[in-house]
Number of protein chains: 2
Amino acid sequence: MYRIDNLQYANWSEKIFRQMRAGRLDAVHVTIAYHENFRETVLNIEQWNRWFEQFPELIFKGRWAGDVRLAHESSRTAIFFGFQNPSPIEDDIGLVEVLHDLGARFMQLTYNNQSLLATGCYEDDDTGLTRMGKQVVREMNRVGMVVDMSHSADRSTIEAADHSARPIAITHANPHFWQPALRNKRDDVIRAVTQNGGMLGFSLYPHHLKDNSDCTLQSFCQMIADTAEKFGVDHLGIGSDLCQDQPDSVVEWMRVGRWSKEIDYGEGSAAAPGFPPMPSWYQDNRDFGNIAKGLATVGFSQTEVDGIMGDNWFRFYEQNFGPEV
Amino acid sequence: MYRIDNLQYANWSEKIFRQMRAGRLDAVHVTIAYHENFRETVLNIEQWNRWFEQFPELIFKGRWAGDVRLAHESSRTAIFFGFQNPSPIEDDIGLVEVLHDLGARFMQLTYNNQSLLATGCYEDDDTGLTRMGKQVVREMNRVGMVVDMSHSADRSTIEAADHSARPIAITHANPHFWQPALRNKRDDVIRAVTQNGGMLGFSLYPHHLKDNSDCTLQSFCQMIADTAEKFGVDHLGIGSDLCQDQPDSVVEWMRVGRWSKEIDYGEGSAAAPGFPPMPSWYQDNRDFGNIAKGLATVGFSQTEVDGIMGDNWFRFYEQNFGPEV
């Protein structure tokens with residue numbers, strides 16, 4: 001029914017907003033901060049407000065699950081904000097509610113490094129949730145901002161899933177059993193998230209795919225079927241990690257921010273430092289429907305396909321974006 | 001029906017929130033910035049969020065006119081945010097929408113001094129709306145943030161009333177014909193505001209009252225009757241300017257902020273630099289109903305009294321807090 005891509009970080013433009021419509025995306029969760037502090041994040045929100053004002057027939061700001069329905073009914077795309085780092089709240093827990101008021105619905109407790117809240121997946125030692133991390137998870141629970149552990153280390157992720165009073169998410173990653181990338185998640189991590197009602201969004205970022213850019217739609221969809229078998233189909237969705245039209249300077253910003261004077265290649269390498277090419281069957285938002293076709297061929301029912309394509313995220317939005325009751 | 005005080009800046013506490021309820025205030029517009037920049041204003045919002053969390057049975061954050069109704073029905077007070085200076089938007093027009101999202105509903109284009117937007121009432125020369133001022137008024141119109149000219153100079157106020165596509169307000173001041181204080185407004189200024197659908201909120205701050213702290217309820221209410229005669233009763237409400245329990249250091253902050261190293265006494269003097277005592281019949285929120293009694297004795301009908309006590313502000317909220325249609 002609803003189509004939701006729960007993670008993109010494109011070089012946004014009217015072209016891309018039109019492609020969202022062409023792909024019949026009812027909602028997209030967009031990253032609006034990697035390393036930005038509070039004031040810089042607000043500048044990014046201002047930029048989005050400008051786009052909402054410029055292209056009201058294509059996009060609008062999503063705040064609640066009901067906005068997905070509104071988008072569907074009015075043939076537009078609801079844009080939900082999220083952060084891949086807790087840098088926007090700085091050292092101030094009061095900014096969680098302020099940023100929720102401004103529309104933030106997902107926040108990663110870490111990007112790749114240690115943060116004030118938890119440990120990132122590239123650190124050598126994972127010390128789990130920090131003192132502030134525990135407080136912030138409770139505050140996120142209270143106001144309705146979803147804990148996202150896509151780039152966090154294993155122990156931190158499991159502790160977050162257990163400490164959180166509400167379901168958490170891994171918005172964009174794949175199972176480690178399929179492609180043993182550092183960013184992909186081991187079974188016990190996925191289990192900790194999903195058994196508490198949390199969600200896993202499958203990534204189409206080539207470094208997370210078997211055979212990378214050459215990954216086949218068949219392999220991707222079979223992996224989803226295998227994951228559904230293990231963890232339940234209701235906990236699965238898409239978080240494509242589409243970084244369309246970004247110059248390679250952006251992947252450098254994502255990886256290095258201001259925390260290092262040396263280059264860090266992250267999932268890339270000195271030989272291939274830039275964004276890798278996307279798979280042929282998922283070049284941009286217009287191809288979103290291809291995933292539905294692929295899912296139908298690996299044995300999912302129509303209801304299950306609908307769930308993975310957006311209805312599972314929709315239900316998750318319904319339960320997790322509002323204040324704790 | 002509804003009781004609204006459209007301007008207070010008290011040293012907020014549980015005691016005062018309980019007094020609001022005792023005075024049956026359904027809504028209070030509170031000042032949350034005098035000279036604060038954006039980040040400092042956000043800290044003030046965080047403080048209010050803490051109070052909303054601590055005292056949910058007494059107060060909650062008001063966003064729309066409907067929240068006044070909700071407050072009335074649930075015996076609580078809806079708190080609406082406003083600024084007495086445009087310092088919270090700094091030099092960034094995009095912050096108008098951001099702060100509206102965070103609940104700001106009134107913004108003065110100036111405090112007493114020249115701002116980036118217009119001229120304050122204490123400047124020697126009044127050059128009217130600036131280039132940025134015109135842009136910001138249009139943006140405030142677009143998102144539904146009310147232009148407040150309480151502390152602005154005459155030409156600036158008249159230009160704002162004329163330039164604004166939506167009604168503006170003088171939230172807290174009295175007519176100059178009754179008490180010729182610098183902050184009180186001349187007839188042509190009140191006319192410019194009210195003839196475009198705008199509102200005048202009567203102030204109970206002693207410097208704005210005939211005989212100051214010794215002003216009688218009778219004199220205050222007769223002044224309201226005379227103002228209604230001239231400009232129409234539908235455009236009148238209360239903006240008490242209650243500064244309860246504030247230490248005198250706060251009036252110094254209001255007057256001097258960080259703009260001067262010398263003391264500026266504003267409406268006070270070296271001999272009387274602090275907050276003046278409030279009139280005996282309006283010591284705090286519990287006395288709000290005394291005004292209704294006084295109004296009934298100077299010839300207003302019950303409907304007119306209800307209008308001045310809150311229904312006129314309520315109607316104004318209904319028409320001016322949402323996006324331009």
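Me: In which loop of chain B is the place of B:N212?
Reply: In this predicted model, phi of B:N212 is near 50°, a positive value in a residue other than glycine. Most residues other than glycine have a negative phi. The residue B:N212 is found in the loop between β8 (199-202) and α8 (217-231) of chain B.

Me: Does B:N212 count as buried, exposed or partly exposed, and why?
Reply: A residue is buried if 20 or more other C-beta atoms lie within 10 Å of its own, and exposed if 12 or fewer do. B:N212 has 16 C-beta neighbours inside 10 Å, so B:N212 counts as partly exposed.

Me: Which loop of chain B holds B:E90?
Reply: B:E90 also has a positive phi, near 50°, and is a residue other than glycine. With 14 other C-beta atoms within 10 Å, B:E90 is partly exposed. B:E90 lies in the loop between β4 (77-83) and α4 (94-101) of chain B.

Me: Which element supplies the largest share of the side of chain A that touches chain B?
Reply: In the contact between the chains, 10 residues of chain A meet 10 residues of chain B. On the chain A side, α2 (38-54) and α4 (94-101) each supply at least two residues. The largest share, five residues, comes from α2(A).

Me: Why is α4(A) largely enclosed, and which element of chain B do its buried residues pack against?
Reply: Six of the eight residues of α4(A) are buried, so this helix is largely enclosed by the rest of the structure. Among the buried residues are A:L95, A:E97 and A:H100. Within chain A, the buried residues of α4(A) pack against α2, β5 (104-108) and α5 (131-143), and in chain B against α2 (38-54).

Key
Residues numbered from 1 in each chain as written. Chains lettered and ligands numbered in written order. Predicted model: local features only at pLDDT ≥ 70, side-chain atom pairs only at ≥ 80, totals over all residues. Contact = placed C-beta atoms within 7 Å. Helix = DSSP H or I, 4+ residues; strand = E, 2+ residues; numbered from the N terminus.
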